[in-house]
Amino acid sequence: MIVSFAEHLEVDHGEWSSYWERFQSAHTLSELVWHGLQLGLLFARIVVESEIHARANQPTEWPNCGECGRRCRSKGQVSRQMKTLIGEIQWTRRVGRCPGHCKMSQCCPSDIALGVRPHQRVGDGLQRLGCLLCIMLPYNMAAWLLGQWSGLSVSQSSLFHWVQEMGASAMEQLEQQVRSYIKQGELAPESLGESLAQLSLAISADGVMVPFRPMPHSPKGKTQWREVKVGLFTRLGHRVTRTGKQLSQLLHRRVVAHLGPIDAFGEKMRWQAARQSIQSAPECIWLSDGGKGFWGLFHRWFEPLNVIGILDFYHAAGHLWKAASTLFDGRTTEAKAWFQRWRHLLRHGGHQRVLSQLTHLINTDHLCSASELEALIQVQTYLQTHHEHIRYARFDQQGHPLGSGMIESTCKWLIQQRFKGVGMRWSEEGFNHLLHLRVFWVNQRFDALFPTVTWTEQLPSPKL
């Protein structure tokens, strides 16, 4: 049936026979699958080219010239080719032009009807898949995998230019939306289901260092390490294991990432908070380590909204170890005993006792040297500054997480896994464009960058 249908379409019998013979001579299942895939792609190209050819032969309604108003006339058939997900397709269509030879009057109604842009050589579906691969993999691996699927030779530089083009579009779109929100103070929140809207909203922020080139367009020079600020918004759900144990689960994750000043990062965090309906959430928590810039954002923008601030417990415990190792040699049993006692008190509601004991030690004469006393004062001041954020027993009773593992994990899979590979160094432009594509993908906004691609990666199963 397939062979007869191919004959009906009047295809190149030599190419078709070659693919068909390979398929029939296959022995193992893997060979059948591979050659069947190649045969299917060839069949898809045949069907698409046949349909385009049929449409191109239909009567053409020529538009009027934009300059002189005269109706354009046909200048004959012109061939065109394009790289697509199913390989390179070729077809011919009528091209028209103003009889007065006005500049820029050449037109092709057939291309317009197909949604093909002038001088476009790559289909949007192939470009979308290429960008998706680059989000996950280095450019050389992405080019190889894309070639494995389509049979086309796509260079690393082509993939790089696709990412720059779409990444710039994502950056511009995001910046416009953030500026509009900062100016007007309102936006349409992201749609949430009823079950998600009833869950607590958790916000967290942290920074991660990324290697950059010191000079644009040149690999020379010493690596410069710059901080990328990352924010996470997620709904706190729960799941039950097979043993009946209840565990926390992060649902509806949305991320913010910014290379640059903390104020610009704060604007993006405010915008994302509004999109995630922060004011209508039943409860909202902020969870972060002790970075002053991030807590400055909390006090300025989120604390007035009655967001509960929680200092990462393990970060606070690290400061207690600093105090214990200041008083005693960190390798001694006594230092470890003091640390374990303070850590237990901090975890189980005794934070005030810890602060009192630190104050007592600071006020005890001749207990330690001037440098050791300064270190103790720094720890005591730090915990006193965060005294409202270290009430871990109460937070635990309320079901709130105590550690910032959620944002540390986000920094790892969002930034480190893609941008900190062996030998990687980035230009600011190249990094920002790829970062924004990656953020759009995580936030389920990637498909909006390709409006002409009406299908997505979430295709229904053929069995449904």
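1. A definition to start with: a salt bridge here is a side-chain nitrogen of Lys or Arg within 4 Å of a carboxyl oxygen of Asp or Glu. With that in hand, have a look at Arg 80, Arg 93 and Asp 111, which salt bridges link into a network. Please keep in mind throughout that this is a predicted model.

2. How many salt bridges does the structure hold? There are twelve. One of them joins the side chains of Glu 61 and Arg 71, at 3.6 Å from N to O. Both residues lie in the loop between α3 and β1, so the pair ties together parts that are ten residues apart in sequence. Glu 61 is exposed, since its relative accessible area is 63%, while Arg 71, with 46%, is partly exposed.

3. Two further pairs are worth a look. Arg 117 and Asp 124 meet through their side chains at 3.0 Å, N to O. Here the arginine, Arg 117, is partly exposed at 37% relative accessibility, and Asp 124 is buried at 14%. In the other pair, the side chains of Glu 388 and Arg 391 form a salt bridge of 3.1 Å, N to O.

4. What does Leu 383 touch, leaving aside its neighbours within four places in sequence? Its contacts are Ala 316, Leu 320, Val 354, Leu 355, Leu 358 and Ile 390.

5. Arg 253 sits in strand β5 (residues 246-259) and is partly exposed, at 36% relative accessibility. Beyond its neighbours within four places in sequence, Arg 253 is in contact with Leu 232, Phe 233, Thr 234, Trp 413, Val 442 and Asn 443. Leu 311 is 58 residues away from Arg 253 along the chain, and their C-alpha atoms are separated by 21 Å.

6. Finally, the surface. Leu 29, Leu 32 and Val 33 make a nonpolar surface patch of about 280 Å². Val 33 belongs to helix α3 (residues 29-56). Is Val 33 buried or exposed? With 53% relative accessibility, Val 33 counts as exposed.

Note on methods: Residues numbered from 1 in each chain as written. Predicted model: local features only at pLDDT ≥ 70, side-chain atom pairs only at ≥ 80, totals over all residues. Heavy atoms only, no water. Patch = residues over 30% accessible without salt bridge, like charges linked within 9 Å, V, L, I, M, F, W, Y side chains within 5 Å. Areas by Shrake-Rupley, 256 points an atom, 1.4 Å probe, with all protein chains shown as cover. Helix = DSSP H or I, 4+ residues; strand = E, 2+ residues; numbered from the N terminus. Buried < 20%, exposed > 50% of the residue type's maximum accessible area, 1.4 Å probe, protein only. Contact = heavy atoms within 4.5 Å.
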